[in-house]
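Visitor: Could you walk me through this structure, a few questions at a time?
Guide: Gladly, let's look at it together.

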Amino acid sequence: MDRKNNAKNNFLNGLNCTQAILLAFSDLLEVPEETLLALGLPMGGGMGRLRQTCGGVTGAVLCLGLLFPEYSKKEMYALVQEFARRFTQKNGSINCGELLTGAHLTADTSPEPEARTEEYYKKRPCPELIADAAEILEQICKERGKSID
């Protein structure tokens, strides 16, 4: 299974960024898909379209918590910070608004989501950002001996 492309396709098929990541890893999480979708729903758009932390990052961080429940708080925080460091190194930020404005888009914070049209998908950096989040999550899991195949 290609989780990177699965996550990207989840977004391109209408899920928000967080949901796209959660469902790409759902077979490993031991949580019903309906619960993952509900959990991820408010996190899209940088948390309710507030344009804060990228939803792809949020989805990956939620997966880390579910994939490594044996970690202490200190270990988990270090793991999240490592994920954020790698994502920032690749994309310049983990902040949704900064990622959008860096792609020359406005970081609209209206609660009204944009219509998912062909034009919407063409202009957004989100599919690639989600793919990056999934890829980094996979790398971290493999490095820590977590089977994700």
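Visitor: Where does arginine 49 lie?
Guide: Keep in mind that this is a predicted model. Phi of arginine 49 is near 60 degrees, a positive value in a residue other than glycine. As for its place in the chain, arginine 49 lies in the loop between helix H5 (44–47) and helix H6 (55–67).

Visitor: Is arginine 49 buried or exposed?
Guide: The cut-off for buried is under 20% relative accessible area. Arginine 49 has a relative accessible area of 9%, so the residue is buried.

Visitor: And glutamate 30, is that buried or exposed?
Guide: Glutamate 30 sits in the loop between helix H3 (26–29) and helix H4 (33–40), and its phi, near 55 degrees, is positive although the residue is not glycine. Exposed means over 50% relative accessible area. With a relative accessible area of 80%, glutamate 30 is exposed.

Visitor: Why is H10 largely enclosed by the rest of the structure?
Guide: Helix H10 covers residues 126–143 and reaches 26 Å from its first C-alpha to its last, close to the 26 Å expected. The helix is largely enclosed because, of its 18 residues, the number buried is 13.

Visitor: Which residue just after H10 takes a positive phi?
Guide: Helix H10 runs over residues 126–143. Just after H10, a positive phi of about 75 degrees is found at glycine 145.

Visitor: Which side chain meets glutamate 143 in a salt bridge?
Guide: The N to O distance in this salt bridge is 2.6 Å, and the partner of glutamate 143 is arginine 86. The pair links distant parts of the chain, 57 residues apart, with glutamate 143 in helix H10 and its partner in helix H7 (residues 73–91).

Visitor: Which residue forms a salt bridge with aspartate 132?
Guide: The closest N and O atoms of this pair are 3.2 Å apart, and the partner is lysine 90. The two are 42 residues apart, aspartate 132 being in helix H10 and its partner in helix H7.

Visitor: Which side chain meets glutamate 135 in a salt bridge?
Guide: Here the N to O distance is 3.2 Å, and the partner is lysine 90. Glutamate 135 lies in helix H10 and its partner in helix H7, so the pair ties together parts 45 residues apart in sequence. Glutamate 135 is partly exposed, at 23%, and its partner is lysine 90.

Methods
Residues numbered from 1 in each chain as written. Predicted model: local features only at pLDDT ≥ 70, side-chain atom pairs only at ≥ 80, totals over all residues. Heavy atoms only, no water. Helix = DSSP H or I, 4+ residues; strand = E, 2+ residues; numbered from the N terminus. Expected span 1.5 Å × (residues − 1). Buried < 20%, exposed > 50% of the residue type's maximum accessible area, 1.4 Å probe, protein only. Salt bridge = Lys/Arg side-chain N within 4 Å of Asp/Glu carboxyl O.
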